Amino acid sequence: MASRLGSTHRIREPCCPSFGGTSGRCQPCRDHNSCFPVHRAGAPARVVTSVRAMDDRTAVIKDLILRHPGGSGGNDGLLRRVCGAAAQELAASGAGISVMTRDGVLGAAAATDPVSERIEELQFMFGEGPCIDAFASRRPVLISDLGDLVARAGGRWPFYAPAAHEDGLRAVFAFPLQIGAARLGVLDLFRDRTGPLTNSELTDALTFADVTVTALLDRQEQAGGRGVADIDDDAAGYRAELFQAQGMVMVQLGVTLGEAMVRIRAYAYAEDRRLSEVTRDVVARRLRFDRAEP
């Protein structure tokens, strides 16, 4: 984040008359950027100060993540540490991260606790929710009162919102993990109370997302092709397994492929199981759908 904002330093404006007039150059200055706080009071100096403050805050957040207990190493441990540090620093009751492929298939996930894990998983059971929307739109999704959505018949997330609300979720904030055109997943913050994020909390949440992206990409490079690449490989395998399960249920029930997916998701929700577990059981023929199944 700091590097992108840092580019504003190089947008030159005319300096004071004693240093080049309107030529846009500070002739005597060795460091062009050093002119801003000395020769031009006001906005440019504040920009420099703001960038430095953001750099400092990024360093603080990196330290929070590194110091937070996260269990085992690897990407799973990293994601759990991010979730724990973000929930603690941003006064959230829980947090979750879903790392996804370009077409939105879940490749890996982590959460602070079992309740948050279930709330995160519900989105992939129903195929809707803040994580899905943030990933698709490439923009944060900020819901300060989930109850408002539940109260609106046929409103946004008609299945996810009431189910998550029943599990105690009152506010949710989703931040895409992305850099340029590349999308890695979404960081979700969960609260058991209504209310928006403060400006500082919003800034910190965006910084947590940026730091997570950098860390994942760094791990991939350091591991010589593992890390995020492994997550993509796992996601590809899961996607193939999911399509196979859909096809098997389609034949078992005599329905369309889309309806088969709906049945699988409904079963996972009704049995309070992860979608990946149900999919695996279908493929292994440990679970068969009859026409009488929900």
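How many residues apart do D63 and R67 lie in helix α3? They lie 4 residues apart, about one turn of the helix. Before the close-ups, a word on the model: it is predicted, local features need pLDDT of at least 70, side-chain atom pairs count only at pLDDT 80 or more, and totals for chains, interfaces and linings use all residues. Residues are numbered from 1 along each chain as its sequence is written, and side-chain values use heavy atoms, with hydrogens and water left out.

**View 1. D63 and R67 pair up within helix α3.** Here D63 makes a salt bridge with R67, with 2.7 Å between the closest N and O atoms. (A salt bridge is a side-chain nitrogen of Lys or Arg within 4 Å of a carboxyl oxygen of Asp or Glu.) D63 is partly exposed at 33% relative accessible area, while R67 is exposed at 65%. (Buried means under 20% relative accessible area, exposed over 50%, and partly exposed in between, using a 1.4 Å probe and protein chains only.)

**View 2. T58 sits in helix α3.** The helix covers residues 43-67; helices are DSSP runs of H or I with at least four residues, strands are E runs of at least two, and both are numbered from the N terminus. T58 is buried, with 16% relative accessible area. Setting aside neighbours within four places in sequence, T58 touches T207 and V211; contact here means heavy atoms within 4.5 Å.

**View 3. Strand β4 pairs with β3 and with β5.** Strand β3 (residues 141-143) runs antiparallel to β4, joined by 3 bridges, and I143 stands opposite V172. On to β5 (residues 182-191): 9 bridges link this strand to β4, again antiparallel, with A174 facing D188. (Two strands pair if DSSP finds at least two bridges between them.) β4 and β5 make a hairpin with 2 residues between them, and G180 in the turn has a positive phi of about 60°.

**View 4. R286 meets D281 in a salt bridge.** The N to O distance is 2.8 Å. R286 is exposed at 58% relative accessible area, whereas D281 is buried at 13%.

**View 5. R288 and D290 form another salt bridge.** Their closest N and O atoms are 3.9 Å apart. R288 is exposed at 53%, and D290 is partly exposed at 39%. Elsewhere, salt bridges with shared partners tie R57, E89 and D204 into one network. The whole structure has 8 salt bridges.
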